[in-house]
Number of protein chains: 2
Amino acid sequence: MTSSSVPRTLAQALPQQIGQTVRVAGWVHRRRQLKSVAFLVLRDATGLTQVVFATPASRAQLAELPEETVVEIVGTVTANGAAPAGVEITSPQVRLLGEAAAAMPFDLFRPELSASLPVQLDHAPVALRHPQRAAGLRVSAAAVSGFRATLDAARFVEIHTPKLVGSATESGANVFGVDYFGQPAYLAQSPQFYKQLMVGVFERVYEVGPVFRAEPHDTARHLAQYTSLDAELGFIADHRDVMAVLRETLAGMVATVTERAGESLAVLGVGAGGVALPEVPTEIPALHFTEALALAGAAPDEPDLSPADERAIGAWALREHGSDFVFVTGYPMRKRPFYTHPDPARPGYSNGFDLLFRGVELVTGGQRLHRHADYLAALAARGEPLAPVASYVEAFRRGMPPHGGFAIGLERFVARLLGVANVRQVTAFPRDLHRLTP
Amino acid sequence: MTSSSVPRTLAQALPQQIGQTVRVAGWVHRRRQLKSVAFLVLRDATGLTQVVFATPASRAQLAELPEETVVEIVGTVTANGAAPAGVEITSPQVRLLGEAAAAMPFDLFRPELSASLPVQLDHAPVALRHPQRAAGLRVSAAAVSGFRATLDAARFVEIHTPKLVGSATESGANVFGVDYFGQPAYLAQSPQFYKQLMVGVFERVYEVGPVFRAEPHDTARHLAQYTSLDAELGFIADHRDVMAVLRETLAGMVATVTERAGESLAVLGVGAGGVALPEVPTEIPALHFTEALALAGAAPDEPDLSPADERAIGAWALREHGSDFVFVTGYPMRKRPFYTHPDPARPGYSNGFDLLFRGVELVTGGQRLHRHADYLAALAARGEPLAPVASYVEAFRRGMPPHGGFAIGLERFVARLLGVANVRQVTAFPRDLHRLTP
């Protein structure tokens with residue numbers, strides 16, 4: 001039987017094919033030469049398959065199949081309780097699907113990658129094949145799918161907004177300059193202005209896309225490009241309506257990760273003895289900023305929460321409410337961007353919030369200004385010029401409802417979810433101060 | 001009864017609320033003063049609602065509610081066969097949710113926008129509120145959803161790849177330069193290299209994201225930023241496996257547009273007397289490039305198909321096969337990028353294809369090289385240097401299966417589907433030679 005006459009069978013389907021001749025294909029994950037028999041472990045997108053080389057001729061062939069070589073194998077599916085998934089392939093006929101692979105920079109077949117993170121990142125196309133690295137990216141894909149599914153079900157419309165903009169969207173100098181047909185332009189630091197304008201069109205919108213920060217610091221949680229999960233909704237009473245949608249969204253993301261990436265979680269040891277996936281409570285506890293300062297024992301005139309304060313608040317939420325999550329609302333206006341809506345009852349404080357997850361900030365959001373006059377006043381009060389944001393502010397003269405939204409950094413969300421220390425471990429090809437390739 | 005004590009009812013839900021007091025909210029779409037009564041048409045994300053102002057006092061109030069002002073209205077749902085959806089709101093109490101809107105640059109309440117496309121684009125945040133412009137973007141969102149759903153069901157994994165790269169990914173000079181922490185960098189013209197490398201990780205991947213072309217031409221089908229729907233899959237026999245996945249994907253996109261954006265299609269007159277949504281045949285007809293030239297009456301040594309050739313081939317597909325779609329395979333190697341896989345039987349021709357839709361190119365795809373030695377030979381034969389693509393080519397030394405893929409330009413796809421002349425009509429905030437705002 002020629003290989004091309006048999007359709008390919010995936011590793012996960014082999015237990016249903018015992019006794020059949022099948023064609024499998026994938027990467028040589030590992031070879032093991034024993035005294036009287038040799039094994040090849042084949043890796044495909046669905047798992048590992050043990051292939052038995054029993055004859056001297058076939059055992060000799062294994063020497064020409066270094067790890068990561070891509071092969072197809074026609075053989076017989078044979079039950080073996082000691083093999084992965086209870087089956088193995090016997091009487092294999094092997095065909096190369098490309099060339100024999102060159103020597104690897106590190107072993108992929110060990111349970112953990114022994115290479116340092118910088119070495120992994122230098123060799124990302126290879127390192128990402130390791131089941132643990134691949135699992136992190138599968139969790140990421142499931143999380144995004146859950147974000148979209150939750151918001152689709154709640155009447156949100158997906159949008160795609162410009163990444164090339166005429167002026168910086170967030171304050172601060174961390175912006176990349178682009179030569180735009182001879183004009184100065186910038187890479188968008190967020191879709192903030194555009195998602196607000198699109199509330200005027202669809203009431204509720206979301207975007208999943210890259211954002212760019214010329215971040216001069218080399219930290220475990222900053223990237224020069226990351227994937228931002230942005231949502232914005234109109235006809236709200238205040239920020240609490242935004243918090244309710246964020247709660248639903250997080251619950252949907254965690255549920256979809258559980259449903260669609262269960263095997264990946266198992267590979268990563270999440271939920272089984274290691275870090276547990278969080279439960280998103282029906283009502284996430286919330287503290288006003290002033291209460292949060294008092295609870296953390298900080299001075300009442302502090303303008304922001306320190307990392308130690310956030311940990312104290314996270315510990316409080318777990319202790320008092322059994323919750324991994326806690327909202328802090330009412331951050332001082334002076335620490336929030338100009339488009340932030342103040343608390344009508346206490347104008348020095350905002351209708352902005354942070355969501356802390358296990359004592360660390362995970363999401364920022366809030367209610368935005370929606371009156372044109374308020375934008376002019378806010379810019380004037382801060383001494384910020386109108387010109388760079390004129391076309392954005394102008395749109396608020398044409399009728400905008402009360403609205404607000406939030407943004408989740410995908411890589412940071414996944415890293416926190418999986419208990420991973422560095423966002424680069426859950427990013428395929430990270431960009432930072434030192435890294436523009438691969 | 002205060003407005004805040006009644007939850008908001010959307011326009012589409014009003015027919016189920018006859019006799020009830022409801023709270024509706026949205027934009028003042030249109031006002032009409034008749035002799036004895038006045039009407040306000042309210043627009044929300046789900047439709048239009050007629051509100052009746054019968055008393056002199058309420059009629060006077062209408063003068064202070066210019067079009068596009070955001071209001072909430074508490075009133076009674078009353079059956080009226082002459083009103084949209086058979087109901088209207090009577091005895092309204094109106095409350096502003098922001099400020100009275102400033103004068104509009106053009107009327108939004110007319111069936112068609114009378115403003116020219118450049119004027120619409122200058123005022124995009126307003127123009128996009130017109131039901132026809134909004135409908136185009138809803139179709140776009142549904143098309144992307146169908147793309148993802150089809151590929152998710154076929155084991156593809158969603159990826160997010162760098163938009164900041166160290167070298168151009170496609171040949172040609174149409175690349176935007178970025179100052180990357182003092183180093184020269186570029187905006188990615190496609191995720192081509194990254195999606196190929198990720199085939200080594202997941203076998204099958206897709207990405208929906210922005211791509212950037214410093215397109216110096218001002219045409220109806222080019223943008224400086226567009227949304228690319230990219231897919232790539234491994235373990236293929238040749239390009240025909242890619243074409244089969246593309247067919248499934250297009251069918252899924254058209255089906256999802258029909259399911260999720262049916263009202264938007266109706267607003268645009270698609271499928272009802274106007275342009276019809278295409279049927280994607282189970283087997284899309286395919287012609288080899290040499291057959292296509294002959295069929296179009298072009299000289300057999302032409303290196304590419306002219307627009308007139310493409311129209312002739314489209315007409316042939318419709319006439320002979322009743323198909324709006326036709327594949328042309330085997331484009332000459334010299335017109336395809338260096339990573340293109342040649343036809344083993346006719347090495348001057350490629351395993352690359354174009355998909356024509358109603359006589360115009362819609363999608364490009366094909367099989368890629370997968371052997372490291374072939375990459376080196378292809379670059380050498382073209383006289384192209386290895387250095388700019390070294391980290392990409394290096395990955396092919398580590399075992400890559402035969403693979404291929406395709407890319408669909410979202411804006412172009414939606415424009416063709418809806419019979420719209422200019423891609424800018426189905427792009428929220430287009431970027432081109434002349435346009436960096438809004």
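Modeller: Helices are DSSP runs of H or I with at least four residues, strands are runs of E with at least two, and both are numbered from the N terminus. By that numbering, Ala85(A) lies in the loop between β4 (70-79) and β5 (87-96) of chain A. The model is predicted: local features need pLDDT of at least 70, side-chain atom pairs count only at pLDDT 80 or more, and totals for chains, interfaces and linings use all residues. Residues are numbered from 1 along each chain as its sequence is written, while chains are lettered from A and ligands numbered from 1 in the order in which they are written.

Colleague: Which peptide bonds are cis?

Modeller: In chain A, the bond joining Thr437(A) and Pro438(A) is cis, with omega about -10°. In chain B, the bond from Thr437(B) to Pro438(B) is cis, with omega near -10°. Pro438(A) belongs to the segment after α12 (410-418) of chain A, and Pro438(B) to the segment after α12 (410-418) of chain B.

Colleague: Why are α4(B) and α6(B) called oblique?

Modeller: Helix α4 (residues 131-153) of chain B packs against helix α6 (residues 239-260) of chain B at about 135°, with axes 7 Å apart. Angles under 35 degrees count as roughly parallel, over 145 as roughly antiparallel, 65 to 115 as roughly perpendicular, and the rest as oblique; α4(B) and α6(B) are therefore oblique to each other. Residues of α4(B) in the contact (C-beta atoms, placed from the backbone, within 7 Å) include Ala142(B) and Phe147(B), and those of α6(B) include Gly252(B) and Met253(B).

Colleague: How do you know that a two-fold axis relates the chains?

Modeller: A rotation of 180° with 0.0 Å of shift along its axis superposes chain B on chain A, with an RMSD of 0.0 Å. That is the relation of a two-fold axis. In chain B, the C-alpha nearest the axis is that of Val178(B), 2.4 Å from it. Of the contact residues of chain B, 100% recur in chain A.

Colleague: How many residues meet between the chains?

Modeller: On chain B, 73 residues are in contact with 73 residues of chain A. The largest share of the chain B side, 6 residues, comes from helix α5 (residues 192-202) of chain B.

Conventions: Axes are lines fitted to C-alpha atoms, for helices over the stretch in contact, and angles run from 0 to 180 degrees between N-to-C directions. Two residues are in contact if their C-beta atoms, placed from the backbone, lie within 7 Å. Copies are superposed by least squares on the C-alpha atoms of residues with pLDDT of at least 70 in both.
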